[in-house]
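Please examine the sequence and the model displayed below.

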Amino acid sequence: MGPVPKFPDPLGSTTLPRLTSGASQNDWIFNDYHFLETPSVRFKADPYSMDKEVWFRHHACDFVERIGGYGEPHRKYFPYKGMRLPRTIISFAKVMLHRFYMRNAFQECPYREVGAALLFLACKMGEGHHMHSLETVVNVAAQAAKKDASITREDCDVWRKRILYWEAEIVTALEFDLIIELPYQGAATILKQYHASEELYELAMQYINVAMNTTLPIREKTTLIAQAAIYVASVVSNEELKRVNSDGKTVKFLEEESSDRRLIISLAYEITSAKDQAKVRKLVTKKLTLLEKRRRQSGANSLVAKTAQAPLAEQVQAPVTPVPTSPSKTPHAVKTTPSSHSPCLTPK
């Protein structure tokens, strides 16, 4: 993939990236505040921190990548081959995984079993010649999960039952909404318009693959993900994208395609940091601090507005009482089940 470019930390200065908090026409695009209250973060017994949950998503996507891709043929003990599925099918499973864990907790839904079930489901949604039997998925998933010994018939029986169980839970939790849009086609269109080289094309597709491991597919539009991946690829390959527009003027890629250069650079930093746990934790921690600060400011502004609208007599006589904490903000207030839908996390 080439050397990782050193993008400036978008949260390391006073200039901060956009924090999404408004409504979206896409029911599966969540804003940043939703990640403060995911089922894993609000789980009663053992709540995860926000950065831990994000890193678990990375582990889950990596497991999907290994069993859906080329496996681990060079592993020292008990190597195995993956299913060698097309990139679109693997990415479909990853996006569905991110959606599933916005309504279910990692603590109750083992990501290896969920990931295997999602790949089995993704094969059904793909073209017929990419379909794999349940036994193939069971064998590969069992070998990937059990690293210290060869698999037995009992292992396969357990995995078969668990994959079928989680497949039903997944389609129920997602309300049978299994139609998604991936960034690959949009990126290919942009690269064709700018007459990009084959090297840049391959790099851009690889960085889109990396972006699927992050929460970007459920936070941003596919066009923005495609533009960020192309931007990273152009920096790595040191290839400047230009084209002549309809007015006969030569325009650069970001000048024409993106109206928010700062946001694209912010997404590019997140993509290039996806495999570095320390950077992921730092990025999430800073964003969490900013989100909490904005939430407190929003609450204070609402209280001031209500006080200003009240009659003068009520402002003088009414005792000042602390604002009670909403039960929905407390991790112990909600008990999740594998198929439950948390009301505060219903997509916009």
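The description begins with the basis of the model and then turns to its parts.

This is a predicted model, in which local features need pLDDT of at least 70 and side-chain atom pairs count only at pLDDT 80 or more, while totals for chains, interfaces and linings use all residues. Residues are numbered from 1 along each chain as its sequence is written, and side-chain values use heavy atoms, with hydrogens and water left out.

The protein has 12 helices and two strands; helices (H or I, at least four residues) and strands (E, at least two) are DSSP runs, numbered from the N terminus. Read from the N terminus, the order of the elements is α-α-α-α-α-α-α-α-β-β-α-α-α-α. The protein comprises 348 residues, of which 47% count as buried. Here buried means under 20% relative accessible area, exposed over 50%, and partly exposed in between (1.4 Å probe, protein chains only). Where contacts (heavy atoms within 4.5 Å) link residues at least 6 apart in sequence, 76% of them join residues at least 24 apart.

Spanning residues 153–173, H5 has 21 residues and reaches 30 Å from its first C-alpha to its last, close to the 30 Å expected at 1.5 Å a residue; the expected span is 1.5 Å times one less than the number of residues. Among the buried residues of H5 are Trp159, Ile163, Trp166 and Ile170. The cover over the buried residues of H5 includes helix H2 (87–100), helix H3 (111–125) and helix H4 (134–145). Just after H5, Glu175 takes a positive phi of about 55°.

Helix H1 (residues 50–68) contains His59. This residue, His59, is partly exposed, with a relative accessible area of 33%. Although His59 and Tyr111 are 52 residues apart along the chain, 8.3 Å separates their C-alpha atoms.

Which cysteines deserve attention? Cys109 is buried, with a relative accessible area of 0%, and Cys123 is buried at 1%. The structure holds zero disulfides, a disulfide being a pair of cysteine sulfur atoms within 2.5 Å.

Finally, consider the empty space inside. Rolling a probe the size of a water molecule over the atoms shows where empty space is left.
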